[in-house]
Amino acid sequence: MDARVAIAAVLVMLQGALQALGTPLNHWTLAVCIAYLCSTLAVRIWAHPRPPGRTFDRLWVLTIGMDVIAFSLLNFFQASSLNYTPLFALPVLLASILGPILLAFGTAASVTLLLLADASWTSMHGAGDLNARLLQAALSGSGFFLVALLANQLALRLAREENLLKKSQSAARMQIEVNELVVATLAEGVLVMDVSGIVRSANPAARRLLAAQDMIYPAPFRLAAQTAWQPLSELMQRTFTLQSAQEGHISLVHPGLNARRLQVRSRLTTSRDGLHESLCVMFLEDLREMEARVRIEKLAAMGRMSAAVAHEIRNPLAAISQANALLEEDLHDAGQRQLSRMIAQNAQRLAKIVDEVLNISRAQQQIPAPQNTALRLDEAARRIANDWARQNAASGQLRISTDTGNLAICFDDDHLRRLMVNLLDNALRYTSGSAQAMEVSTHLVAPGQARLAVWSDGQPLEETVQTHLFEPFFSSESRSSGLGLYICRELCERYGALIGYQRVLREDIQGNEFFIMFQPASPFLGEYLPCLDSILV
């Protein structure tokens, strides 16, 4: 449409230039040029025709017809030596590019017929040889047919390429969105860095692993901005220097926070055409999460074999215990009776291990504990601690300190007894044996939140032992099953409580403390527990 306006303007200016050069002005020709300019401007400004495709669009047909009529009139009224025949290429191209092949050939045919008619009319009035003019018109028409065919095929090919490009761009955008979604939801941190240490992209997991507390680092940012990130920067530089993949374990140490141990793998991207710079892609994984997954797999394997262990060991073990009891009745020699007692003790130990394995399996299959279980912590802790001290003759070694009042916690009484007995047995095993060497204490750490602690003056635990304290089948003693602390943690997790270990000072004596943070019981149960007690009585 812009080309039509430009050609119309050139035709008007050409008429003015011819008049300025002394050529007689043909008013009909000037009128046709001005009318054609006005029509092209009208179509350009107001009309918004659509490509007809396989059908004809009336507006396109009228536009092409207007061009053919205007150029035919110019060719008819020409008074100078100017030849307006080449202008017919414009409507032929317009029909070939924006319309189907039928419209293109129809336009070329109409132009050819007009040229032949014009040649015949001119020859009849004695203006030249008829055969020569007809031959020139036929050659021009043949050229217009060839232009129509080539232009139409090129237009169709261009349209196919454009559609293919749009589909490729849409597929590429979709692939980019999918990749971004996958990277954003990865549990593994992903960093993309250039050779200067600028982080171009970082997924949420990477920002969480890098950030200290609640600080947010939107990309891009410089990896050398934090001192704690220096190990990552060194690994990135080594990757670019050696031009190869690197991996290793590093620690991110933020001031005032515990060190975060990460497994890091770096990969280098290279540009095949050399038009893009190389980038370092770094994958970060928290070692604590890896260890947790390993622990879950270990627990799953243990759960699958627990039923088989019970059936394969428990029945023969019961038979051994029963046979040993029958034999012991007929034994009178002290040495033989001692051997019989050793058999009974080890059989009991094996039975305890089997029971603990079965309890773990049942606990994993149970639904979460009900939240309406309420228990007064101070009263239960004193009762359980006193019972344990009487049974183990450890009253002189144990002191009890409770300070939570009538606070109710969400825990079952039998499960709390098992939890405290396990912790007290552990404490007694490693205590020095002196008076007041053990302590059971309770106190409030926040409104409605209670803390129970079992302390003993034993020697500090090794760092490797602390790392695996609550794992199943881990023990520093050869005669222990390694399931006591693990069962304690399972019971706590069932009720939403938290168990932990720390080295603390009590009355100027360093000792080992296992503590439990309890969830408060339902406010309704905590408020009306005395009423429930009186009703039960």
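Trainee: At 32% relative accessibility, what does Phe105 count as?
Mentor: This is a predicted model: local features need pLDDT of at least 70, side-chain atom pairs count only at pLDDT 80 or more, and totals for chains, interfaces and linings use all residues. Residues are numbered from 1 along each chain as its sequence is written, and side-chain values use heavy atoms, leaving out hydrogens and water. Buried means under 20% relative accessible area, exposed means over 50%, and partly exposed lies in between (1.4 Å probe, protein chains only). Because its value is 32%, Phe105 counts as partly exposed.

Trainee: Which residue forms a tilted aromatic pair with Phe105?
Mentor: Rings of Phe, Tyr and Trp (its six-membered ring) pair if their centres lie within 6.5 Å; planes under 30 degrees apart are stacked, over 60 edge-to-face, the rest tilted. Here the centres are 5.9 Å apart, with 45 degrees between the planes. The partner of Phe105 is Phe145.

Trainee: How many residues apart are Phe105 and Phe145?
Mentor: Helices (H or I, at least four residues) and strands (E, at least two) are DSSP runs numbered from the N terminus. Phe105 sits in helix H5 and Phe145 in helix H6. This pair links distant parts of the chain, and the separation is 40 residues.

Trainee: Which residues touch the most other members of the largest nonpolar core?
Mentor: Such a core is a set of buried Ala, Val, Leu, Ile, Met, Phe, Trp, Tyr and Cys residues joined through side-chain atoms within 4.5 Å. The largest one has 38 residues. The residues asked for are Leu416, Leu419, Leu423, Ile516 and Phe518.
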